[in-house]
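I opened the structure to look up a few points and write them down. The notes follow the order in which I checked things.

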Amino acid sequence: MTADTLVAADPPFAAATEDADPQDLAPVIPLRAPRPRRFLMCRPDHFDVTYSINPWMSTEAGVDRDLAIEQWETLRATYEAHGHTVDLLDPVPGLPDMVFAANGSFVRAGRALVARFAHPERTDEAAAHTAWLKSAGIGGGRQAAWVNEGEGDLVAVGDLVLAGTGFRTAAGAHTEVAAYFDAPVVTLQLVDPRYYHLDTALFALDDANIAYHPDAFSPSSRRRLERMFPDAVLVGGDEAAVLGLNAVSDGLHVFVTDQAPGLHVQLKERGYVPVPLDLSELLKAGGGIKCCTLEVRS
Ligand code: ARG
């Protein structure tokens, strides 16, 4: 067969017709599938800002606890409306940061490692988490030997654990987590005190991809993230500064602050569905949606 016969056999305008298909010009947006999650949350019945352990906290700011509870109840109801299960941890008087349940442990494959808090103001939260894990029949449940603020600094991306250090969780905790869970752990160095926990600067979109604010990380950690997640959603300073990255994704819906419209657009472009929520009262303690949410992974 010669080149001539090939050309002659093709309908003359086939290529041109295909090129004109408007679908070719539309961006390719992947279809995403949500996975139902089990979350642990703690109602902010005793929420307050009575001490300052991060740059967001001012004891002068004044907290409207009723509003905090209302915003938190909306978050809880929104999770349930999207098919997720919410377990409740009993709030303890005198522990005003206990609403940030994500810091209490890290649970993977039905096995937990309980936090060891960096600041004495939060130390007693660990016992409440230990008791809850026991009552829920979750395995393991020993307390970390190193300072370890649970999901605040440990972000699961599929089988991988991204682990932050620099302000709270000790680098030694990363080795401990790797051994305890027999999991690959990647250390990331946080450098901006506003992003004192990894979950203030990065979240998992699904089991393979993340969104993050590059400036929150040291140059070498940034390079590591670039290599590992070439398709990551990169989030700028404006969105990060309202804790836009303190978000929770179920693989499709992204529960995210309503103060980050630019991030909502980025998420939609990738086929995710932003679910905007107002947690402004809890932001006074430097916490957001993800901080209020511990995932109990079975
Ligand atoms: N006031 C709390 C602290 O400084 C906020 C914790 C936020 N939690 C989180 N997962 N980032 O410890």
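I note here that the model is predicted.

Then I looked at what surrounds Asn209. Leaving aside neighbours within four places in sequence, I listed contacts with Val157, Ala204, Phe229, Asp231, Ala232 and Arg270. For Asp231 I also noted a polar pair: its backbone oxygen lies 3.1 Å from a polar atom of the Asn209 side chain.

I moved on to the ligand. I counted 16 residues around the ligand, and the closest are Asn54, Arg122, Arg168, Asp199 and Cys291. A polar side-chain atom of Asn54 lies 2.8 Å from a ligand oxygen atom. For Arg122, a polar side-chain atom lies 2.7 Å from an oxygen atom of the ligand. Ala285 uses its backbone: an N or O atom there lies 2.8 Å from a nitrogen atom of the ligand. On its own the ligand has 350 Å² of accessible area, and the protein covers 100% of that.

Last, I checked the cysteines. How many disulfides are there? I got 0 disulfides, where a pair needs its sulfur atoms within 2.5 Å. Cys292 is in no disulfide, and the nearest cysteine sulfur, in Cys291, is 6.6 Å away. I recorded Cys291 as buried at 2% relative accessibility, and Cys292 as buried at 0%.

Definitions and conventions:
Residues are numbered from 1 along each chain as its sequence is written. This is a predicted model: local features need pLDDT of at least 70, side-chain atom pairs count only at pLDDT 80 or more; totals for chains, interfaces and linings use all residues. Side-chain values use heavy atoms; hydrogens and water are left out. Buried means under 20% relative accessible area, exposed over 50%, partly exposed in between (1.4 Å probe, protein chains only). A polar contact is a pair of N or O atoms within 3.5 Å; within protein, one must be able to donate a hydrogen and the other to accept it, and residues adjacent in sequence count only if both atoms are side-chain atoms. Contact means heavy atoms within 4.5 Å. A residue is near a molecule or strand if one of its heavy atoms lies within 4 Å of it. Accessible areas come from the Shrake-Rupley method with a 1.4 Å probe; for residues, only the protein chains shown count as cover.
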